[in-house]
Amino acid sequence: MSEEKIGELKEANDVQQGRREFLKNVCVSSAAALVAAPASAGTVAEASNPDADVTVAEFFQGNFVLMSDEEKKQAIARLEKRYSAQYKKKTTVSDTAAPDDVLFGYALDISKCIGCRRCVHACVKENNQSRNNPEVQWIQVMKMPKGNIAFTAENLDKGYPEKSEFGDFGVQVGGNAYRTAGLSTEDAQNYYNDELVPDQDFFYMPVQCQQCEKPPCVKACPVRATFRDHAGVVLIDYNWCIGCRMCQLACPYHARRFNWAEPKLPAEEMNPKTHYFGNRPRMKGVMEKCTFCVQRTREGRDPACLEACPVGARKFGNLLDPESDVRRVLSTKRVFRFKEEYGTYPKFFYYIG
Amino acid sequence: MNMALSFVKDFTLYAFKGGRMYYAWLLFLAFFILVGSYTAYIQFTEGLIVTGATDQVTMESFFANFVFTAHIAAAAVLVVAPGYFYHRKDLKELAVIGEIIAMVFVATGITFVLFHMGRPDRTWHIIPLIGYMNFPNSMLSFDTIVLNVYLLLNMIGVSYILIKKYAGTFHEKQLAIWFKPIVFMAIAWGPLIHIVTAFVLGSNARVGMWATAVLPFAFLSMAGASGPALVVLIFLLLRKFTDLEIGNPAIDLMATIIAWSLGILTLVFASEFFTLLYPSTEHAASLVYNMFGHKGLNHYVPFFWVTIIALLSSFIALLFRRVRHSYDRWLPLVCFVVFFAVLIEKPMILIFPSFSPSPLGEYTEYHVTLIEFFNVLFVWAIGFMSLTLMLKGAVGILTGQVRHHSAPAVSPSGTQGGI
């Protein structure tokens, strides 16, 4: 109902009208105002706060994967409206599906990695993580001692059991035991703060979501908020997650991060090109993790961490395409999967040189 | 309908009637509920950041306490079972008390789970049809089902017995045809909620300390110790302060159950510790951290030893007849120790240390925050408040002090009034 029509109605009813008529008109005009409101709130500047009805509708929103196309469209429109208002810039939320006949895979050369953590920060920037207190990082770089510092001559004479008045039973645990060498999480430093990288006595291994073919996290989710899409990427519906953290318990790679508080994402640092299952801003109390930059890779681009890597240690591509970078690595290099004994069949491979 | 209304009215009126000590106890609990409402408000507005949990140690004390309430709720069947399986007449009379304990602590446990969840407002997502339940893949969906069914079974059992007794129509031979199956199902369901809860933890291969086949046995034996410990304390209090008659044999049976549950627990611990520590592979890392600390992080060490020593010495103490029969001194003391030892065991041995080392080798100490602590007390206070009121009302009905006016008169078993 337009403004003019309401005006006409009001004019038509003169002073003689009864109380009942008057009330009826008030109702009509306020209903018209309600209808008119969303239309005028179309521009970003006007709507500083997302409307209450957006919040309510979002609360009753269903599981995105199981929604009808119409419901999906509405949900996306709601989110775009809310984000645009909240971050004061035009935000797009895409729900582009993954291309057919694609199985995404990743390969990382641990002999090239210098531990600069540019991938970590590029990821935070691209994926709209909480920025400070806490800064949520999806990639964790382990700094592990090389084998050359594991053995010392002074430990030669030490060992267990030692010779004593009870007799000599022979050394059963050598003095150089309990020192790790090579690829081991045991003495890994995850929060190193070096001015210069790489440190000569250490090597580095970045760990992020391994996009398992048999993901234990998906199995553990009681509401199917996390799932594996047909391109093999494990994703999360942030609006459906109940925050029970069973997936975090199940993950043997420490890949999942929980929003313990409301994420702190400054509007000027927010990346407005988002995907529903990817980098759209999250809310408190939900899980998040690496999605292989679903907002980029579903459109044929490379993940942000790959683009940021200064030494080219990261390769990404379609595991079904023999010409892709990943496939080339798999066919020519010595490749291994991290924690392969857990039987999760990651599509994230590590290789040496 | 009239009967139900007057039942609720009389039951509530009686439950709130009591002496000075009774009101002091209720006020004591009300204090924690008051403080807890504020801290709970903070948690629900700020998020779980106000707890000590991190991405490394992702389960907080709410989850630990939930496991403990499952212990108590499951063990309540040990009051019901002897009456119905072995026809112990004295315990059959008291079965309703066991069911009340089960009912209250399952509800308390569910409340703890709500505190544990990041988005308690989205709990409805797990309800089939309006939400989506990932059944039968997720172990948590199994747990949701068994807990709620157990709650329901006990609610039915408790209200049937109490209303029947209130109306004076509770006769052993004329019970509803569905009542016995419900009671037997509840008895079977008690261990079930516990085994499923153990599987919720044990299904996580990456937490080495939980991925062990003895976990359900550890849970059941700890339930068999801590649950009856609470039951003994409640029995002793009830017979001291109310007219309810509870004979020594009932309490002796509970004491024996505690003793041998602790005995089995000792074996479970011993086999677990041996299997881990002799080869001392990476699976032992969490236990070693718990026992001896790791590079100066030794927050859990005293808790570990105190708990183990408390459980072991309680077991030995309960082997002595003199301790088991010392109803006003040693037995309640031992029961108190067992209850608290198992309560402390949950966060400080079962939950927190198991997360270190993390999958990427990090060691983390968990420090419970003040808000979290008061939230835990909040839920416990609500639990104990409902337990107190439910038991008080039930005692009124069992002793015949609360009756419908149409009910046939019974000779009151005592002359003193109330607590």
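**Exercise 1. In which loop of chain A does Pro272(A) lie, and between which strands?**

Keep in mind as you work that this is a predicted model.

*Step 1.* Find the strands on either side. Pro272(A) sits in the loop that runs between strand 9 (257–258) and strand 10 (273–275) of chain A.

*Step 2.* Check how much of the residue shows. The relative accessible area of Pro272(A) is 29%. Buried would mean under 20% and exposed over 50%, so Pro272(A) counts as partly exposed.

*Step 3.* Look for partners elsewhere in the chain. If you skip residues up to four places away in sequence, Pro272(A) touches Lys89(A), Lys90(A), Thr91(A) and Thr92(A).

*Step 4.* Now try a distance. Val93(A) is 179 residues away from Pro272(A) along the chain, yet their C-alpha atoms are separated by 8.3 Å.

**Exercise 2. Work out how chain A is put together.**

*Step 1.* Start with the secondary structure: chain A has 10 helices and 14 strands.

*Step 2.* Domain 1 of chain A covers 47–146 + 183–353, while domain 2 covers 147–181. Where they meet, 7 residues come from domain 1 of chain A and 6 residues from domain 2 of chain A. The C-alpha centres of these two domains lie 44 Å apart.

*Step 3.* Turn to the contacts within chain A. Take those between residues at least 6 apart in sequence: 68% of them join residues at least 24 apart.

*Step 4.* Of the 353 residues in chain A, 49% are buried. The accessible surface of the chain is about 17,800 Å², and carbon and sulfur atoms account for 54% of that surface.

**Exercise 3. Which residues make a nonpolar surface patch of about 510 Å²?**

*Step 1.* List the members: Trp260(B), Leu312(B), Ile316(B), Leu319(B) and Phe320(B).

*Step 2.* Leu319(B) is in the loop between helix 11 (301–318) and helix 12 (321–324) of chain B.

*Step 3.* With a relative accessible area of 40%, Leu319(B) is partly exposed.

Note on methods. Residues numbered from 1 in each chain as written. Chains lettered and ligands numbered in written order. Predicted model: local features only at pLDDT ≥ 70, side-chain atom pairs only at ≥ 80, totals over all residues. Heavy atoms only, no water. Helix = DSSP H or I, 4+ residues; strand = E, 2+ residues; numbered from the N terminus. Buried < 20%, exposed > 50% of the residue type's maximum accessible area, 1.4 Å probe, protein only. Contact = heavy atoms within 4.5 Å. Patch = residues over 30% accessible without salt bridge, like charges linked within 9 Å, V, L, I, M, F, W, Y side chains within 5 Å. Areas by Shrake-Rupley, 256 points an atom, 1.4 Å probe, with all protein chains shown as cover. Salt bridge = Lys/Arg side-chain N within 4 Å of Asp/Glu carboxyl O. Domains from an automatic or database assignment.
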